[in-house]
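Please examine the following structure with attention to how its parts meet one another.

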Number of protein chains: 4
Amino acid sequence: MKPSPGDPAKLKEPPATVRGARTRATLVQAARRVFERDGYVNSRLTDITAEAHCSIGTFYTYFDGKDEIFTAVLLDAQADMMHPGGPRLEGDADPAEIIRASNRAYLQAYQRNARLMALMEQVAGIDENFAALRLERAKAFTDRNARWIEKLQDRGLAASDLDPHLAASALSSMVSRMAYNTWVLGDERPVDDITEIVTQIWINALRLE
Amino acid sequence: MKPSPGDPAKLKEPPATVRGARTRATLVQAARRVFERDGYVNSRLTDITAEAHCSIGTFYTYFDGKDEIFTAVLLDAQADMMHPGGPRLEGDADPAEIIRASNRAYLQAYQRNARLMALMEQVAGIDENFAALRLERAKAFTDRNARWIEKLQDRGLAASDLDPHLAASALSSMVSRMAYNTWVLGDERPVDDITEIVTQIWINALRLE
Amino acid sequence: MKPSPGDPAKLKEPPATVRGARTRATLVQAARRVFERDGYVNSRLTDITAEAHCSIGTFYTYFDGKDEIFTAVLLDAQADMMHPGGPRLEGDADPAEIIRASNRAYLQAYQRNARLMALMEQVAGIDENFAALRLERAKAFTDRNARWIEKLQDRGLAASDLDPHLAASALSSMVSRMAYNTWVLGDERPVDDITEIVTQIWINALRLE
Amino acid sequence: MKPSPGDPAKLKEPPATVRGARTRATLVQAARRVFERDGYVNSRLTDITAEAHCSIGTFYTYFDGKDEIFTAVLLDAQADMMHPGGPRLEGDADPAEIIRASNRAYLQAYQRNARLMALMEQVAGIDENFAALRLERAKAFTDRNARWIEKLQDRGLAASDLDPHLAASALSSMVSRMAYNTWVLGDERPVDDITEIVTQIWINALRLE
DNA sequence: CATGAATGAGCCTTCATTCAT
DNA sequence: GATGAATGAAGGCTCATTCAT
């Protein structure tokens with residue numbers, strides 16, 4: 001059985017030498033550039049090796065194929081993609097402000113990594129293993145938001161008739177889809193406008209004071 | 001220059017004979033089945049002709065390639081995909097009920113055509129011409145909703161501090177993305193739950209009443 | 001699971017047109033020439049298509065790979081390889097003469113098809129499916145000889161203390177191995193000398209008379 | 001011109017240090033295991049170095065390629081392969097018993113080294129230099145038997161109408177081919193049965209008293 | 001109109017071999 | 001002596017596209 005992409009366990013063992021590690025890193029960076037430029041489907045291994053100024057043989061020293069290196073790109077990009085992660089209740093900050101701040105942080109991160117996000121969506125649409133990976137990550141993100149909403153409800157600050165999980169899921173979907181429309185599909189709109197409208201809807205939806 | 005897919009104008013002229021029309025229709029139906037089954041990227045022309053029980057030569061009598069027939073599939077499917085189109089203000093019906101009804105209609109239509117919708121997303125992620133087409137359609141849909149929101153605001157039934165266009169865009173994004181998560185990515189949830197939460201958020205967001 | 005070579009059932013369906021059948025036949029003949037010239041291991045598909053004056057694409061129209069066409073070569077060559085099949089008791093012919101005649105027939109057939117026989121041995125040494133095929137055919141041949149020996153024993157014409165099956169197996173092995181040494185490994189010796197010695201040993205071994 | 005494999009003269013000069021000799025020996029043993037496990041054709045140099053727990057660079061310190069190390073394996077294995085070498089007339093022992101004993105010794109040795117024998121046959125079928133080597137060794141073996149038969153004929157103990165060389169060749173072929181069928185091709189039969197039948201045929205063929 | 005054989009560019013993948021460290 | 005990263009020629013296979021029948 002083919003191992004599922006996205007699983008770090010299946011990567012080839014890391015290079016033994018410093019030089020090897022450098023070459024591998026060069027390949028991953030080159031692959032990210034190529035994937036972002038040409039898309040996953042339209043890129044060839046030779047494009048990646050040309051970008052990395054190495055031979056195709058070298059590629060196979062470190063990766064077993066295109067999905068292997070794509071997984072590596074994803075892993076490598078994780079720290080970068082790590083946006084604030086949604087509203088966090090810090091001290092007694094105004095919930096509305098928390099929402100605004102985290103939406104802004106998310107949208108800015110999305111904008112910075114727009115090509116990568118487009119890539120993830122594309123691959124999720126093609127390879128079901130990556131689709132599962134994508135869904136799993138979205139869930140983790142939504143869960144955090146759901147727990148935060150629940151706390152607000154407990155403290156009487158948010159409408160209690162909303163299912164926290166469904167609400168978090170719907171509102172998170174809204175934000176990510178707006179980001180996708182704007183920076184992937186190219187429906188150009190100022191980041192501030194997007195931030196304001198989604199924040200407003202979050203606030204209204206939860207009926208914050 | 002390669003003609004843009006999705007543009008009906010560039011399709012080959014329609015078959016002159018009845019038999020030709022039938023063969024062409026058979027091909028389009030076969031293509032839809034194959035695309036929905038295997039995805040756009042993973043399907044080959046020979047899969048389509050095999051499904052249509054005709055030769056590859058016949059395919060080229062009617063279409064110039066894979067994106068040509070995909071355009072034809074999309075055109076052919078439009079009537080089918082045509083959901084009610086969002087809230088419509090009919091007479092003096094309760095706005096909340098209109099929202100609920102049109103969300104339900106949309107979600108049910110999405111569920112019925114889930115494989116096709118997945119396909120459209122996939123192709124939009126691969127071919128920028130289809131991405132443009134996809135965006136354009138979403139816009140038409142959003143515009144209708146925006147006008148409807150505007151009318152509610154004019155009549156004092158909805159919060160007036162929301163930009164009707166941005167609000168319509170955000171709320172429509174939310175609904176379509178929830179549908180995508182549920183029936184394409186496989187995050188199984190009852191259609192009624194989805195309908196309720198998105199309806200609730202629409203209502204709250206607009207501060208109906 | 002990979003289908004076993006030598007199994008006619010797994011071949012691609014025969015070409016629908018006369019032209020196709022001709023091309024396929026050309027390929028099989030070309031493949032036989034190439035295999036006999038370069039051996040199975042050292043021949044490449046492009047050698048075969050060059051010899052057949054067609055493209056590599058055409059090859060894949062009719063065969064799935066090298067072992068596929070090798071199976072076809074074997075099938076095609078069967079009639080040719082079909083030697084008399086060992087001693088046949090016809091009427092009241094002298095058993096010694098029957099042995100001599102069938103050994104001569106076998107050795108001459110081997111000599112004519114020496115390159116093909118070498119090929120079969122080579123492939124049997126590499127691919128265990130072909131090894132099984134080879135063993136099976138040898139068995140069929142040996143079985144016939146065993147039955148014939150048994151009849152001689154029943155009629156009191158051959159030594160009765162020999163196990164007919166083992167004797168047939170050993171004596172057949174001797175003949176085929178001598179042929180192999182002579183025409184495959186190149187231990188040049190006149191066919192008549194080989195015929196005489198193996199016939200003599202058959203006769204002595206069975207203690208005819 | 002490529003030097004002929006099998007020729008000990010062309011091997012790289014032996015390692016100068018003790019450590020070098022050990023490394024080389026480890027490689028040869030590893031190569032034998034790998035060749036016997038995967039066959040000559042299907043084994044790669046990296047398999048051998050992995051088995052020997054050394055690097056590919058080290059391999060090239062001692063050998064020039066696959067056939068080089070195969071030659072070394074053969075040389076290394078000679079002592080091991082050395083079976084009694086066929087009938088030997090010792091004192092006034094009963095010739096029939098000598099035949100039986102040496103056939104048994106040969107067959108047992110073959111059984112013990114079956115994988116190696118299979119390997120030799122395989123390589124002889126692929127590389128003509130090894131084919132020549134193989135034939136040469138068989139000849140040396142056959143020659144000994146021929147001389148022994150000649151002595152029996154001189155002493156009036158064996159049929160004098162048989163050409164001793166051809167007879168030795170045919171009978172030796174029979175024994176080795178039976179061994180091949182049994183332990184290489186997998187036509188399972190008890191070693192005792194094989195010993196008995198080939199011995200019986202030797203005896204009958206030579207018309208020993 | 002329908003057919004399907006023929007094509008070959010293009011891509012993936014393997015692995016023997018070299019060489020700087 | 002030992003290492004293993006780097007190389008790229010070589011070969012396998014796919015599939016969109018053409019065209020003679």
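The model is predicted. Nine residues from domain 1 of chain A and eight residues from domain 2 of chain A take part in the contact between them. On the side of domain 1 of chain A that touches domain 2 of chain A, H1 and helix H4 (66–81) of chain A are the elements that give two or more residues. H4(A) gives the most to this side, with four residues. By class, the side of domain 1 of chain A that touches domain 2 of chain A consists of five nonpolar, two polar and two charged residues.

The axes of helix H8 (residues 164–184) of chain A and helix H8 (residues 164–184) of chain B come within 7 Å, crossing at roughly 105 degrees. Angles of 65 to 115 degrees count as roughly perpendicular, and H8(A) and H8(B) are therefore roughly perpendicular to each other. In their contact, residues of H8(A) including A:Ser169, A:Ala170, A:Ser173 and A:Met174 meet residues of H8(B), among them B:Ser169, B:Ala170, B:Ser173 and B:Met174. The contact of H8(A) with H8(B) comprises six nonpolar, eight polar and two charged residues.

Chains C and D also meet, with 32 residues from chain C and 32 residues from chain D in the contact. On the side of chain C that touches chain D, two or more residues come from each of helix H6 (114–124), helix H7 (128–154), helix H8 (164–184) and helix H9 (191–206) of chain C. H8(C) provides the largest share of that side, ten residues.

Of the 39 residues around DNA strand E, the nearest are B:Gly20, B:Gly57, C:Thr23, C:Gly57 and D:Gly65. The surface near DNA strand E has 14 nonpolar, 20 polar and five charged residues. Around DNA strand F there are 39 residues, of which A:Thr23, A:Cys54, A:Gly57, B:Gly65 and D:Gly57 come nearest. The surface near DNA strand F is made up of 14 nonpolar, 20 polar and five charged residues. Among the elements that each supply at least two residues of the surface near DNA strand F are helix H1 (18–38) and helix H3 (56–62) of chain A.

Methods:
Residues are numbered from 1 along each chain as its sequence is written. Chains are lettered from A and ligands numbered from 1 in the order in which they are written. This is a predicted model: local features need pLDDT of at least 70, side-chain atom pairs count only at pLDDT 80 or more; totals for chains, interfaces and linings use all residues. A residue is near a molecule or strand if its C-beta atom, placed from the backbone, lies within 6 Å of it. Ala, Val, Leu, Ile, Met, Phe, Trp, Tyr, Cys and Pro count as nonpolar, Asp, Glu, Lys and Arg as charged, and the others, Gly among them, as polar. Two residues are in contact if their C-beta atoms, placed from the backbone, lie within 7 Å. Axes are lines fitted to C-alpha atoms, for helices over the stretch in contact, and angles run from 0 to 180 degrees between N-to-C directions. Angles under 35 degrees count as roughly parallel, over 145 as roughly antiparallel, 65 to 115 as roughly perpendicular and the rest as oblique.
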